[in-house]
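Please keep the sequence and the 3D view open while going through the points.

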Amino acid sequence: QVQLVESGGGLVQTGGSLRLSCAGSGRNFYNVHMGWFRQAPGKEREFVAAILRSGINQYYIEYVESVKGRFTISRDNAKNTVHLQMNSLKPEDTAVYYCAAAATYSLNTPRSSRSYEYWGQGTQVTVSS
């Protein structure tokens, strides 16, 4: 059974940095599309970033506009892990961050949470002003 476990969340001041990690188990993840979403209180779950398979050992990356230049997604296939490096954090980045995985061959709508069948339990990120 596929499991995703996030770690690395916490409390940080505006302008600070955090590095989230998502460890996968239950299968090899080298050919799996991986994404990060976030959900703030009272808001819908929002796409943040994804690292998507485009070929054998080839990937492309997408970010939501609000995090471009501040967040970096990466993956370590040998460790079945995906990371989200978050710099220059802002109070509006405060949310529960979720790791997601999609094992389908192609992903037509990688920014939609409905495209992903596996989810982690989430990790809280709080940015104080």
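This is a predicted model: local features need pLDDT of at least 70, side-chain atom pairs count only at pLDDT 80 or more; totals for chains, interfaces and linings use all residues.

1. **The disulfide.** The structure contains one disulfide. The bond joins C22 and C99, whose sulfur atoms lie 2.1 Å apart.

2. C22 belongs to strand 3 (residues 18-25) and C99 to strand 9 (residues 95-102), so the pair ties together parts that are 77 residues apart in sequence. Are the two cysteines buried or exposed? C22 counts as buried because its relative accessibility is 0%. C99 is buried as well, with a relative accessible area of 0%.

3. **Strand 3 beside strand 8.** Within this sheet, strand 3 pairs with strand 8 (residues 81-86) in the antiparallel sense, over six bridges. A23 has T81 of strand 8 as its bridge partner.

4. **S21, a polar residue in strand 3.** S21 is located in strand 3. It is buried, because its relative accessible area of 17% falls under the 20% limit. The side chain of S21 makes a polar contact of 2.9 Å with the side chain of H83. Residues up to four places away in sequence aside, S21 touches V5, E6, S7, W36, T81, V82 and H83.

5. **Strand 9 and its partners.** Strand 9, which carries C99, is mostly covered: seven of its eight residues are buried. Which strands pair with strand 9? Strand 4 runs antiparallel to strand 9 and is joined to it by seven bridges; Q39, for example, has V96 in strand 9 as its bridge partner. Strand 11 pairs with strand 9 in the antiparallel sense over three bridges, and A95 has V125 in strand 11 as its bridge partner. Strand 10 (residues 118-119) also pairs with strand 9 in the antiparallel sense, over two bridges, with A100 opposite W119.

6. **The nonpolar core.** The largest nonpolar core has 37 residues, and those with the most contacts inside it are M34, W36, L84, M86 and Y97. At least two residues of this core come from each of strand 3, strand 4 (33-39), strand 5 (46-55), strand 7, strand 8, strand 9 and strand 11 (123-128).

7. **M34 in its surroundings.** The contacts of M34 can be traced individually in the viewer. Beyond its neighbours within four places in sequence, the residues in contact with M34 include L4, F29, A50, I51, I73, V82 and Y116.

8. **Two loop residues with positive phi.** N57 is not a glycine, yet its phi is positive, at about 55°. N57 sits in the loop between strand 5 and strand 6 (58-63), and it counts as exposed because its relative accessibility is 58%. S88, likewise a residue other than glycine, has a positive phi near 50°. S88 is found in the loop between strand 8 and strand 9, and at 40% relative accessibility it counts as partly exposed.

9. **T14 and its loop.** T14 lies in the loop between strand 2 (10-13) and strand 3. With a relative accessibility of 44%, T14 counts as partly exposed. The C-alpha atoms of T14 and Q1 are separated by 38 Å, although the two residues are 13 residues apart along the chain. Which residues does T14 contact, leaving aside its neighbours within four places in sequence? They are L89, P91, V127, S128 and S129. With S128, the side chain of T14 reaches the backbone oxygen at 2.7 Å.

Note on methods
Residues are numbered from 1 along each chain as its sequence is written. Side-chain values use heavy atoms; hydrogens and water are left out. A disulfide is a pair of cysteine sulfur atoms within 2.5 Å. Helices (H or I, at least four residues) and strands (E, at least two) are DSSP runs, numbered from the N terminus. Buried means under 20% relative accessible area, exposed over 50%, partly exposed in between (1.4 Å probe, protein chains only). Two strands pair if DSSP finds at least two bridges between them. A nonpolar core is a set of buried Ala, Val, Leu, Ile, Met, Phe, Trp, Tyr and Cys residues joined through side-chain atoms within 4.5 Å. Contact means heavy atoms within 4.5 Å. A polar contact is a pair of N or O atoms within 3.5 Å; within protein, one must be able to donate a hydrogen and the other to accept it, and residues adjacent in sequence count only if both atoms are side-chain atoms.
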